[in-house]
Amino acid sequence: MELDDRKKKILQAVICNYLETGEPVGSRTISKYTDLNLSSATIRNEMADLEEMGYILQPHTSAGRIPSDKGYRLYVDTMLEEKEREVVEMKEMLLERQDKMETLLKQVARVLAQNTQYATMISAPQPKRNRLKFIQLSRVDAHQLLAVIVIEGNVIKNNILAVDEELSDETLLKLNILLNTTLNGLSIDKINLEMITAMKQQAGIHSDIVSDVIDAVAEAIRSEEDLQIYTSGTNNIFRYPELADQQKASELINTFEEKQLLGELLRENREESEGTDIQVYIGEETSVQSMRDCSVVTAAYELGDGMKGTIGIIGPKRMDYDKVVATLRTIQSQLDVLYKDE
């Protein structure tokens, strides 16, 4: 007899409830955990079939059942297949979104430079505070685990973790449940020592794996702090005599090419501006030495899901502020729509 969808859902409900409580599971409890709208009598009949097929056991004369090794095996195989499919789909979606976003932001920087005749920059959007969405541990071989870490913005990081001995499917399942139950939705600053200690205690002899996963999560979140910046219109600098001095122009162009200082400027702007206000830095007000003879006007933008970036326009102190601010206001209001329609 093959398992139909009804039996699979009932088996999954038995296993999930038993993992949570450690107590044998009865038909009345299952009726509350499934969306099948079945009577307790029908569920009892299905559970009897599952027991006959070897997927669940009745540890004593009570009506409650617990999963058998065969039941755990089906649950683990099904869960891993589903999670692997989710990760593959997420990776494909992420690559598609990244390509679309990169094309859009390059186009925005180019259009801004053409419209204003100044130099422009735009940072790729990032979550305001990266949070963990999902962790999946799976076996590579007897001495290696693959930790797939998904953080806010559907950014996926893969890490290989070394283990002393091969872990059983049940152990992997329990570790996955422990990690996701405790850490999902948290930013790195919310993962404290007390929480880590409690997780290690629950993991027992596998506490080192918990430590390795937390290190991998921290590394994944911190690596996303690196800004991707797109620039355009650098040659517009030479249009203005006060910036066309060979040394000044050379320093400005190097700043645009290397982008490290631009990243620091945009991070400062993001910290100073909680909303989407326009920020204007004139001369000495900017932290970038090569821009002390310039004005820098920045604006935050948002692409939904808490993903925020910054647009910047760099020109002489005598720039057309009205036009620049109006242009940035327009881009602010249109970027999210442009991204969704791209």
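Tutor: Gladly. Serine 138 touches Leu145, Leu146 and Leu172, leaving aside residues up to four places away in sequence. Serine 138 sits in strand E5. Keep in mind that this is a predicted model.

Student: Why is serine 138 called buried?

Tutor: Buried means under 20% relative accessible area. Serine 138 has 14% relative accessibility, so it counts as buried.

Student: And what makes threonine 181 exposed?

Tutor: The cut-off for exposed is over 50%. Threonine 181 has a relative accessible area of 64%, so the word exposed applies. This threonine 181 lies in helix H5.

Student: Which backbone oxygen does the side chain of threonine 181 reach, and why is that a polar contact?

Tutor: The side chain of threonine 181 reaches the backbone oxygen of isoleucine 177 at 2.6 Å. A polar contact needs a donor and an acceptor among N or O atoms within 3.5 Å, so this pair qualifies.

Student: How do you know that the length of H5 agrees with what a helix should span?

Tutor: Helix H5 has 15 residues, 169-183, and at 1.5 Å a residue it should span 21 Å. Its end C-alpha atoms are 21 Å apart, so the two values agree. Buried residues in H5 include Leu172, Leu175, Leu179 and Leu183. After H5 comes glycine 185, with a positive phi near 85°.

Student: What makes you say that the buried residues of H6 line one face?

Tutor: Those residues are Met195, Ile196, Met199 and Ala203. Seen down the axis of H6, they fall within an arc of 95°, so they line one face of the helix. Leu193, Glu194 and Gln201 are exposed on the other side of H6. At the start of H6, a side-chain oxygen of asparagine 192 comes to within 3.3 Å of the backbone nitrogen of glutamate 194. Glycine 204 follows H6, and its phi is positive, near 60°.

Student: Why is a set of residues called a nonpolar core?

Tutor: The members must be buried residues of nonpolar kinds, joined through side-chain atoms within 4.5 Å. The largest such core has 28 residues, of which Leu137, Leu183, Ile209 and Val213 touch the most other members. Strands E5 and E6 and helices H5, H6 and H7 each give two or more residues to this core. H7 gives the most, with seven residues. Isoleucine 209 touches Leu137, Leu145, Val163, Leu167 and Leu175, not counting residues up to four places away in sequence. A second, separate core of 23 residues includes Met101, Leu105, Met319 and Ile331.

Student: Which element has the lowest mean pLDDT?

Tutor: That is strand E4, residues 126-127, at 64, whereas strand E1, residues 56-57, has the highest at 90. The mean pLDDT of the protein is 80, and 82% of its residues reach 70 or more. Where pLDDT is low, the predicted coordinates should not be read in detail.

How values were computed:
Residues numbered from 1 in each chain as written. Heavy atoms only, no water. Helix = DSSP H or I, 4+ residues; strand = E, 2+ residues; numbered from the N terminus. Expected span 1.5 Å × (residues − 1). Buried < 20%, exposed > 50% of the residue type's maximum accessible area, 1.4 Å probe, protein only. Contact = heavy atoms within 4.5 Å. pLDDT = per-residue confidence, 0-100. Arc of directions from axis to C-beta.
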